[in-house]
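Please keep the coordinates open while reading.

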Amino acid sequence: MNDKLNELLKNTNKQEILDTYKKALENSDEAPFWKEKIVPFVDAILSVLIPLKEQNLLFTPEGKIVKDLDSELFYAWTDLISLRTLAFTIEQSNQSGTLLRTEYKDVNYSKINLETLGTYLSSFRVNLQDEDNLDFPVANYNLHIGMITIMKTLF
């Protein structure tokens, strides 16, 4: 799986990655419920990671510089808390016009559209108003753990 996902993340665009996930889900024994959940989840993550990749500004949830978008980095951002942190980091960076909360210093940064990620996180009742308030339903966190487990077995 990691080889296939690495290839997709390095050499294709967001739509091709989403199409590959859709096809893998259709060909799997997983319930349709998971397709309805996993594809928007992948879309939300890639809606930020692909623009960061295009700007050569990838980083880990801890803010460390990463050169390539690979499965390891992708899965690092699948954690719901990390994804929430990414939303706040990019929102603050968009407001300041520079990439914040990372090891990058004095780099060119172009604003990234957060609509897809914000809509996704809001649909799971993740608080995007107050970063210090980490309150969201535990069931939603557990659902994401299940999605990640299935995602890792698809290819």
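Which residues does Phe 74 touch, not counting residues up to four places away in sequence? In this predicted model, Phe 74 touches Leu 5, Leu 9, Tyr 21, Val 42, Ile 45, Leu 46, Leu 49 and Met 151, with residues up to four places away in sequence left out of the list.

Phe 74 also belongs to the largest nonpolar core, which holds 51 residues and in which Tyr 21, Ile 38, Val 42, Leu 52, Phe 74 and Ile 90 touch the most other members. The elements giving two or more residues to this core are α1 (2-11), α2, α3, α4 (71-76), α5 (80-96), α6 (115-123) and α7 (138-153). Among these, α3 supplies the largest share, namely 12 residues.

**The pair α2 and α3**

Helix α2, spanning residues 14-26, packs with helix α3, spanning residues 32-54, at an angle of about 160°, and their axes lie 10 Å apart. Because angles over 145 degrees count as roughly antiparallel, α2 is roughly antiparallel to α3. The crossing of the two helices, α2 and α3, is right-handed. On the α2 side the contact is made by Lys 14, Ile 17, Leu 18, Tyr 21, Lys 22, Leu 25 and Glu 26, which meet Trp 34, Lys 35, Ile 38, Val 39, Val 42, Asp 43, Leu 46, Ser 47 and Ile 50 of α3. Sorted by class, this contact of α2 with α3 comprises 10 nonpolar, one polar and five charged residues.

**Loop positions**

| Residue | Relative accessibility | Class |
|---|---|---|
| Thr 60 | 15% | buried |
| Glu 30 | 31% | partly exposed |
| Asn 13 | 39% | partly exposed |

Thr 60 is situated in the loop between α3 and α4, and it counts as buried because its relative accessibility of 15% falls under the 20% limit. Apart from its neighbours within four places in sequence, Thr 60 contacts Val 66, Leu 73 and Trp 77.

Glu 30 sits in the loop between α2 and α3, and although 120 residues separate Glu 30 from Ile 150 in sequence, their C-alpha atoms are 8.3 Å apart in space. Asn 13, for its part, is placed in the loop between α1 and α2, and the C-alpha atoms of Asn 13 and Gln 92, which are 79 residues apart along the chain, are separated by 26 Å.

Terms used: Residues are numbered from 1 along each chain as its sequence is written. This is a predicted model: local features need pLDDT of at least 70, side-chain atom pairs count only at pLDDT 80 or more; totals for chains, interfaces and linings use all residues. Side-chain values use heavy atoms; hydrogens and water are left out. Axes are lines fitted to C-alpha atoms, for helices over the stretch in contact, and angles run from 0 to 180 degrees between N-to-C directions. Helices (H or I, at least four residues) and strands (E, at least two) are DSSP runs, numbered from the N terminus. Angles under 35 degrees count as roughly parallel, over 145 as roughly antiparallel, 65 to 115 as roughly perpendicular and the rest as oblique. A crossing is left-handed if the near helix is turned anticlockwise from the far one by less than a right angle, and right-handed if clockwise. Contact means heavy atoms within 4.5 Å. Ala, Val, Leu, Ile, Met, Phe, Trp, Tyr, Cys and Pro count as nonpolar, Asp, Glu, Lys and Arg as charged, and the others, Gly among them, as polar. A nonpolar core is a set of buried Ala, Val, Leu, Ile, Met, Phe, Trp, Tyr and Cys residues joined through side-chain atoms within 4.5 Å. Buried means under 20% relative accessible area, exposed over 50%, partly exposed in between (1.4 Å probe, protein chains only).
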